[in-house]
Amino acid sequence: MIATIIIAALTCLAMISCIVFKPYIQIKRVHIGTYWLVALVGAIILMAAKLVPINEVGQALVANTEINPIKILVIFITLTLISVFLDEIGFFSYVANLALKRAKGSQFKLFIALYLLASILTVFTSNDIIILTFTPFICMFCKRANINPIPYLVAEFVAANTWSMFLIIGNPTNIYLATSLNVSFFEYLKHMALPTLGAGITSFLVLVAIFYRKLKTPIENVVVQDVKIMDKYMLIIGLTHLVLCIIGLSICAYVNIEMWIISLSAAISFFICEGVYIAITKKKFAPLERTIVRAPLELIPFVLSMFVIVLALKYQGVTTKIYEGLITSQDGLVYGLTSALFANILNNIPMSVLFSSILQEGASFKAVFGAIIGSNIGAILTPVGALAGIMWSNILKRSDIKYSYLDFMKYGFIIGIPTLIVASILII
């Protein structure tokens, strides 16, 4: 057991070091994430040392259960592909531009509009998509308007990692924790609607209290340029498949079809329909090609490697010990705070893999949703809490916006702690 804990701990420490100091290595024009390489090495060492039998790993990867990580990855990646395509044809830039026009020179109105827009779109896509699409847009607009981008960037990041709790599809951690414990789409919504609403209101009020004085200055001499959708028929096909996929996920438990089959079918149909339309109209396949290039494929080796590490911890009895240490009458709050802490030690995806194993020891429903809350709001506390924080910080660096690790933690703790507590207390 001790050897497994040491290897797992060193792997996590090395992974966090890579995230902070060297998140990517570049080979010619290709950027390769270092965090998943470290996780892969740790998993290989555990298997080579026979601390987890290879046959156990193989059986877990082909098992016809909800905890199968391959099924969970299929759900996340297929949904992400549709959302990325919508970004490629200009959908997210278009709706963000509408928000800018409605602000009419008021920073406070713009702040509210961008917060609401990020919140609504996060619910129906995912936090990672909003951060990847909105962050460069906000950086560019604020530079052009000569206004401080920090209030808008923080608000966008907080909104994306708060309202991502509302539906099961809002964050890969939601998908992993909920599906691994056989929580259906509507059962998830029933338990998480109130905590998300409470968290959203709390985080917004704290954001307003922090930034209100900075937002009183009007926006002057800025021209909002028109943003056009590349092709309205491509947009209709993409949005239709996204909506139908969400509807399918909501009813799959009642028609006895697994979620990954619904999302995979939607993605296949989407690519076929878009491909046929492009071929018939003799347009370029560039948007589809760029969508595939932008797919978060690094998550595949990362999640599978962390799954092996957690499987080793479970095989050695470590997860049972952690579960026994977490038994309490206040499951929701304790698991919310604990999962948020672990997310900022391990990153929230490895934390979710670990906690799914802990929760299967027999934790309550409040504990399950507490862990989900921690996996989302924990991302607000430090840059290493989630891949979203890493991506967000890297975009700010490329845009020459100064926002240090300490700045992240300062705003993160002021906003994140009360939001986390309110959401955890409101679990029903």
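Predicted model: local features only at pLDDT ≥ 70, side-chain atom pairs only at ≥ 80, totals over all residues.

Student: OK, let's start with phenylalanine 342. Which helix does it lie in?

Tutor: Phenylalanine 342 is part of helix H16, which covers residues 331–346.

Student: And what does phenylalanine 342 touch, not counting residues up to four places away in sequence?

Tutor: Asn347, Met351, Leu354 and Phe355.

Student: How far is phenylalanine 342 from alanine 286, C-alpha to C-alpha?

Tutor: Those C-alpha atoms are separated by 40 Å, with the two residues 56 apart along the chain.

Student: New topic: H4 and H9. At what angle do their axes cross?

Tutor: Roughly 145°, and the axes come within 10 Å. H4 is residues 69–88 and H9 is residues 172–180.

Student: Left-handed or right-handed crossing?

Tutor: H4 passes H9 in a right-handed crossing.

Student: Which residues meet there?

Tutor: From H4 you get Pro69, Ile72, Ile75 and Phe76. On the H9 side they meet Pro172, Ile175, Tyr176 and Thr179.

Student: How many of the residues in that contact of H4 with H9 are nonpolar, polar or charged?

Tutor: Seven are nonpolar, one is polar and none is charged.

Student: Now serine 203. Where is it found?

Tutor: Serine 203 sits in helix H10, residues 185–211.

Student: Why does serine 203 count as buried?

Tutor: Because its relative accessibility is 0%, and buried means under 20%.

Student: What does the side chain of serine 203 pair with in a polar contact?

Tutor: The side chain of tyrosine 115, at 3.1 Å. Tyr115 also shows up among the residues in contact with serine 203 once neighbours within four places in sequence are set aside, along with Val158, Thr162, Ile415 and Thr419.

Student: Are cysteine 12 and cysteine 245 buried or exposed?

Tutor: Cysteine 12 is buried, with a relative accessible area of 8%. Cysteine 245 is buried too, at 1%.

Notes
Residues numbered from 1 in each chain as written. Heavy atoms only, no water. Axes fitted to C-alpha atoms, helices over the stretch in contact; angles between N-to-C directions. Helix = DSSP H or I, 4+ residues; strand = E, 2+ residues; numbered from the N terminus. Left-handed = near helix turned anticlockwise from the far one by under 90°. Contact = heavy atoms within 4.5 Å. Nonpolar A, V, L, I, M, F, W, Y, C, P; charged D, E, K, R; others polar. Buried < 20%, exposed > 50% of the residue type's maximum accessible area, 1.4 Å probe, protein only. Polar contact = N/O pair within 3.5 Å; in protein donor to acceptor, adjacent residues only side chain to side chain.
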